[in-house]
Amino acid sequence: MEKKYVPKEKKDTRSGFGAGLHELGKSNPNVVALCADLTGSLKMDAFQKDFPERFYQVGIAEANMIGVAAGLTIGGKIPFTGTFANFSTGRVYDQIRQSVAYSDKNVKICASHAGLTLGEDGATHQILEDIGLMKMLPGMTVINPCDYNQTKAATLAIAEHHGPVYLRFGRPSVPNFTPADQKFEIGKGIVLEQGTDVSIFCTGHLVWKALEAWEILKEKGISAEIINIHTIKPLDTACVLSSVRKTKCAVSAEEHNRLGGLGESIAGTLTAEFPAPLEMVAVNDSFGESGTPDELMTKYGLDTRNIVEAAMKAVSRKG
Amino acid sequence: MFSTPKPVGGQRRTFATNQNPEGGIQRENAAGKYNIIPKMAQIQDLEKLASQVRRDILRMVHAVNSGHPGGSLGCTDYFVALYGEIMKHNPSAWNMDGKSEDLFFLSNGHISPVYYSVLARNGYFPVSELSTFRKLNTRLQGHPTTHDQLPGVRIASGSLGQGMSVAIGAALAKKLNGDDCTVFTLHGDGEIQEGQIWEAAMYAAANKVDNLICTIDVNGQQIDGPTDKVLPMGDLKAKFTAFGWEVLNIENGNDMNQVVSGLKNALTHTRKGKPVVILMKTEMGAGVDFMMGTHKWHGVAPNDEQLAKALAQLPETVGDY
């Protein structure tokens with residue numbers, strides 16, 4: 001069987017952000033960047049080196065960083081803040097809520113080390129609630145790209161979008177398979193494989209695993225449609241519905257708590273418009289722990305085989 | 001009537017003397033009809049406006065039986081001086097970015113009545129709109145918001161402690177834009193119990209954000225009682241000095257002369273490598289004898305009888321809304 005997606009390399013999504021930010025530094029003089037003492041981890045060093053007058057090191061003071069970013073928009077700047085996902089959301093929720101979202105400020109909150117795959121640091125740093133926190137804020141756009149190329153493209157795209165954005169990415173190296181020249185369209189799901197038996201809606205690091213699941217399902221005689229939902233809010237409901245109207249059942253797959261994540265957004269759409277069986281591959285309302293990324297993804301049920309099992313169960317539940 | 005922003009690096013605005021003895025004239029433009037106070041330097045004219053603003057505050061909170069009159073009354077002289085005499089601003093050409101204008105951020109958003117009154121009395125929106133304060137569908141929300149595009153408001157505030165960070169960002173944007181204007185903030189003294197204030201204070205000094213003048217309304221009161229009983233904050237001057245700020249004082253923030261000269265003095269300390277903070281002592285409830293000297297009127301509106309008693313102490317100088 002000829003493979004449609006053959007990654008030439010494995011790269012971390014955070015480096016895609018760093019590359020995109022550096023490119024924005026060259027192309028858009030209004031782009032400024034702020035970091036709370038994690039410049040290396042966020043891959044913001046290239047921007048810092050080449051555009052020092054537009055880079056603000058705020059120290060370990062995330063609340064102040066969000067407020068300063070909100071203020072920088074007054075005067076036409078487009079601030080990109082960088083820290084880990086936990087400190088980008090939960091720690092500064094009220095600052096984002098009032099000074100950014102409610103005030104409709106054009107701040108791009110860029111968050112690395114999301115989910116379990118930051119690994120050994122453990123649950124204090126492995127936020128699994130950030131998508132939920134951010135998607136509940138009116139006016140907030142929530143984006144979770146799947147690989148290096150897509151993260152870079154998303155970084156460029158959000159600079160052109162007016163309004164607050166939460167951009168979520170991660171630490172581990174993962175297959176880089178999306179085309180480097182693929183334009184990132186906020187709010188548009190991408191059909192990676194067409195299928196007729198089950199729709200698999202995946203986001204972030206789970207997209208590659210869903211493609212692996214597609215192959216296994218094909219061998220089992222199940223035709224799965226794989227859709228990369230890189231934008232969790234606004235959700236591409238037209239894409240979700242047109243696929244499920246065809247397949248009559250769905251799976252969601254994400255590196256996030258099942259409460260508040262992509263699966264819940266899809267469930268809401270299906271319940272309202274086209275009720276159909278939905279199986280969620282997500283962390284089952286728990287905190288993470290220390291371990292290697294692979295060990296954690298296995299222990300918490302976020303592996304390729306979990307997607308396969310969920311798809312088979314969804315298919316079996318079809319009336 | 002309105003100032004036109006001067007080129008970067010120009011002299012600060014001076015105001016023409018308006019001969020109208022009543023201290024107010026009416027003006028109409030696309031935004032509607034409202035009272036405009038002459039932009040004149042005379043202290044007595046500012047004091048007249050302050051009396052009117054205090055009437056507005058009391059009538060606004062009384063009409064909806066909610067809101068925060070105490071701190072609003074205490075900061076009235078500051079707001080009137082800032083918008084009437086100190087800031088370079090352009091209400092008729094309001095826009096969010098405010099390039100080539102001085103900017104103001106209210107961090108303790110609960111004193112919105114005085115903010116709204118002074119914005120309206122300076123021509124940002126019709127004075128008649130003050131009657132919509134806190135009512136359904138109003139642009140004059142209980143706490144200020146940009147959500148409804150109310151001219152003059154550049155950030156939502158209400159959840160305390162966030163305004164200094166926002167002002168720092170705006171001040172940094174001015175530096176990047178080569179915009180030689182100043183950013184002002186106001187904070188409650190209770191508000192600075194919030195940790196974010198001290199994150200911001202540390203950042204501003206370390207990064208020489210010296211186009212920033214923050215004023216702390218030191219009235220010694222917060223909702224639960226005197227600040228010295230709720231959470232004593234010690235020596236604020238020593239704290240800000242230790243954080244690397246230029247610390248100035250206004251001994252009586254309810255004396256218009258002192259407020260104007262204190263703010264003008266603060267401007268002379270900007271652009272010298274340090275952020276500037278003014279510790280401004282005020283009396284919560286200033287201007288109404290029975291509201292002073294207590295935290296009781298922090299967030300309580302007067303009843304009909306109390307309103308009448310209060311208004312009797314405050315001459316209607318420019319015309320009620």
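Q: Leaving aside its neighbours within four places in sequence, which residues is A:Ala250 in contact with?
A: The model is predicted: local features need pLDDT of at least 70, side-chain atom pairs count only at pLDDT 80 or more, and totals for chains, interfaces and linings use all residues. Residues are numbered from 1 along each chain as its sequence is written, while chains are lettered from A and ligands numbered from 1 in the order in which they are written. With contact taken as C-beta atoms, placed from the backbone, within 7 Å, the partners of A:Ala250 are A:Val198, A:Ser199, A:Phe201, A:Val244, A:Ile266, A:Leu270, A:Ala276, A:Leu278 and A:Ala314.

Q: How many residues does the largest nonpolar core have?
A: Such a core joins buried Ala, Val, Leu, Ile, Met, Phe, Trp, Tyr and Cys residues through C-beta atoms within 7 Å, buried meaning 20 or more other C-beta atoms within 10 Å of the residue's own. Those with the most contacts inside the largest core are A:Ile200, A:Ala210, A:Ala250, A:Ala311 and B:Ile168. At least three residues come from each of domain 1 (9-176) and domain 2 (190-317) of chain A.

Q: Which residues of H10(A) are buried?
A: Helix H10 (residues 262-273) of chain A reaches 17 Å from its first C-alpha to its last; helices are DSSP runs (H or I) of at least four residues, and strands (E) of at least two. The cover over its buried residues includes helix H9 (237-247) and strand S13 (250-257) of chain A. Those buried residues are A:Leu262, A:Gly263, A:Glu264, A:Ser265, A:Ile266, A:Thr269 and A:Leu270.

Q: How far apart do the C-alpha centres of domain 1 and domain 2 of chain A lie?
A: Chain A is divided into domain 1 (9-176) and domain 2 (190-317), bounds that come from an automatic or database domain assignment. The distance between their C-alpha centres is 25 Å.

Q: Which element supplies the largest share of the side of chain B that touches chain A?
A: The contact takes 28 residues from chain B and 21 residues from chain A. On the chain B side, helix H5 (163-176) and helix H6 (195-206) each supply at least two residues. The largest share, ten residues, belongs to H5(B).

Key. The expected span of a helix is 1.5 Å times one less than its number of residues. A residue is buried if 20 or more other C-beta atoms lie within 10 Å of its own, exposed if 12 or fewer, and partly exposed in between; C-beta atoms are placed from the backbone. Two residues are in contact if their C-beta atoms, placed from the backbone, lie within 7 Å.
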